[in-house]
Amino acid sequence: MKPKIPFHVIYEDNHLIIVNKAAGVLVHEDITKDKTLEDYVKEYIKVTHNKPGDVFLGTIHRLDRPVSGIVVFAKTSKALTRMNEIFRKRLVQKTYWAVTYKKPEKKAGRLVHWLKKDSASNTVTAYDTEVPDSQKAELTYRYMGNINKYHLIEVSPITGRPHQIRVQLASLGCPIKGDVKYGSPRGNQDGSINLHARRIYFLHPVKNEPIICRAAVPEQPFWEEFLSLDDEDIKLENLGFIH
């Protein structure tokens with residue numbers, strides 16, 4: 001029996017490969033030296049396309065290990081350079097789903113904090129005003145509804161800071177289910193947190209065509225129940241992806 005690979009491909013062409021990552025997998029190597037999503041995707045490309053030698057794969061952005069959902073990789077150096085520029089200029093719209101224990105007071109809003117990372121503990125603290133060595137973090141959110149006492153919040157980050165959504169929702173009084181690092185009363189059995197990179201939209205770096213990708217939620221009854229709250233109606237004119 002083949003080992004299960006911890007991702008599936010959502011979109012692929014000669015320039016990009018966009019995958020849906022399972023929770024628990026590192027995107028990029030860290031001190032654990034565990035096998036990474038990069039490693040798995042390189043193996044997939046090598047086998048699927050019968051590539052001799054090393055496979056080029058450029059990492060454009062990352063998801064935290066316990067988070068599931070969309071990760072975009074570049075298959076050429078040209079695509080990597082252009083995608084890095086797209087992300088740097090924030091010409092990309094990313095949408096996440098977060099399941100929380102509490103309902104936000106307002107149905108929708110914009111959060112602005114200054115985040116400071118403690119590398120020793122790998123935690124981030126959110127401040128209401130700027131402090132030394134902090135980075136400004138912004139996101140918008142909207143409340144989508146509740147199922148069995150849990151609440152679904154759709155989040156669109158404007159900046160891309162480490163642990164940003166996790167710590168900003170916690171600062172709102174809405175820690176993400178399973179995220180004991182930021183206030184969840186207990187962890188999930190599989191070590192995941194209920195944060196999922198659901199959708200991404202940008203203009204293709206080479207073809208200049210709109211790319212809209214959606215990642216299926218993890219195959220778990222708990223997650224799948226929240227699909228009944230999905231009111232997504234993608235219209236290009238409504239995406240407003242340039243902040």
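Predicted model: local features only at pLDDT ≥ 70, side-chain atom pairs only at ≥ 80, totals over all residues.
# Helices, cores and buried polar residues

The buried residues of helix H2 pack against S2, strand S3 (58-59), strand S4 (68-74), strand S5 (92-100) and strand S10 (195-203). H2 covers residues 77-88, twelve residues, and reaches 16 Å from its first C-alpha to its last, close to the 16 Å expected at 1.5 Å a residue. Its buried residues are Ala79, Leu80, Met83, Ile86 and Phe87. They cover an arc of only 125° around the axis, which puts them on the same side of H2. The face of H2 turned away from that buried side carries the exposed residues Thr81 and Arg88. Arginine 90 follows H2 and has a positive phi, near 60°.

Helix H1 can be read in a similar way. H1 (residues 37-48) has twelve residues, which at 1.5 Å a residue should span 16 Å; its end C-alpha atoms are 16 Å apart, which agrees. The buried residues of H1 are Leu37, Glu38, Val41 and Ile45. They cover an arc of only 100° around the axis, and therefore lie on the same side of H1. These buried residues pack against strand S1 (7-12), S2, S3 and S4. After H1 comes asparagine 50, whose phi is positive, near 50°.

Helix H3 (residues 164-171) is largely enclosed by the rest of the structure, because six of its eight residues are buried. Those buried residues are Gln164, Ile165, Arg166, Val167, Gln168 and Leu169. What covers them includes S5, strand S6 (108-118), strand S7 (123-127), strand S8 (135-147), S9 and S10. Just after H3, glycine 173 takes a positive phi of about 90°.

The next topic is the nonpolar interior. In soluble globular proteins, nonpolar side chains tend to be buried together. Here the largest nonpolar core has 47 residues, and Leu37, Val41, Phe73 and Phe202 touch the most other members. A second, separate core of eleven residues includes Trp97, Val99, Val217 and Leu229. Two of the residues named for the largest core, Leu37 and Val41, are among the buried residues of H1. Leaving aside neighbours within four places in sequence, leucine 37 is in contact with Pro6, Phe7, Val19, Lys21, Val25, Leu26, Val27, Val71 and Phe73.

Asparagine 20 is found in strand S2 (residues 16-21), and it counts as buried because its relative accessible area is 7%, against a cut-off of under 20%. Where does the side chain of asparagine 20 reach a backbone oxygen? That oxygen belongs to alanine 216, at 2.9 Å. The side chain of asparagine 20 also reaches the backbone nitrogen of glycine 69, at 3.5 Å. Beyond four places in sequence, the residues in contact with asparagine 20 include Pro6, Phe7, His8, Ile10, Ile70, His196 and Ala215.

Glutamate 154 is found in strand S9 (residues 150-157) and is buried, with a relative accessible area of 10%. Which side chain is joined to that of glutamate 154 by a polar contact of 2.8 Å? The partner is arginine 142. Glutamate 154 and arginine 142 are twelve residues apart in sequence and 5.4 Å apart in space, C-alpha to C-alpha. Not counting residues up to four places away in sequence, glutamate 154 touches Thr95, Tyr96, Trp97, Thr140, Tyr141, Arg142, Met144 and Arg199.

Histidine 163 is found in the loop between S9 and H3. At 8% relative accessibility, histidine 163 counts as buried. A polar contact of 2.6 Å joins its side chain to that of tyrosine 182. Apart from neighbours within four places in sequence, histidine 163 is in contact with Asp64, Asn122, Val124, Lys181 and Tyr182.

The structure holds zero disulfides. Cysteine 174 is buried, with a relative accessible area of 1%. Cysteine 213 is buried too, with a relative accessible area of 4%.

Technical notes:
Residues numbered from 1 in each chain as written. Heavy atoms only, no water. Disulfide = S-S within 2.5 Å. Buried < 20%, exposed > 50% of the residue type's maximum accessible area, 1.4 Å probe, protein only. Core = buried A, V, L, I, M, F, W, Y, C linked by side-chain atoms within 4.5 Å. Contact = heavy atoms within 4.5 Å. Helix = DSSP H or I, 4+ residues; strand = E, 2+ residues; numbered from the N terminus. Polar contact = N/O pair within 3.5 Å; in protein donor to acceptor, adjacent residues only side chain to side chain. Expected span 1.5 Å × (residues − 1). Arc of directions from axis to C-beta.
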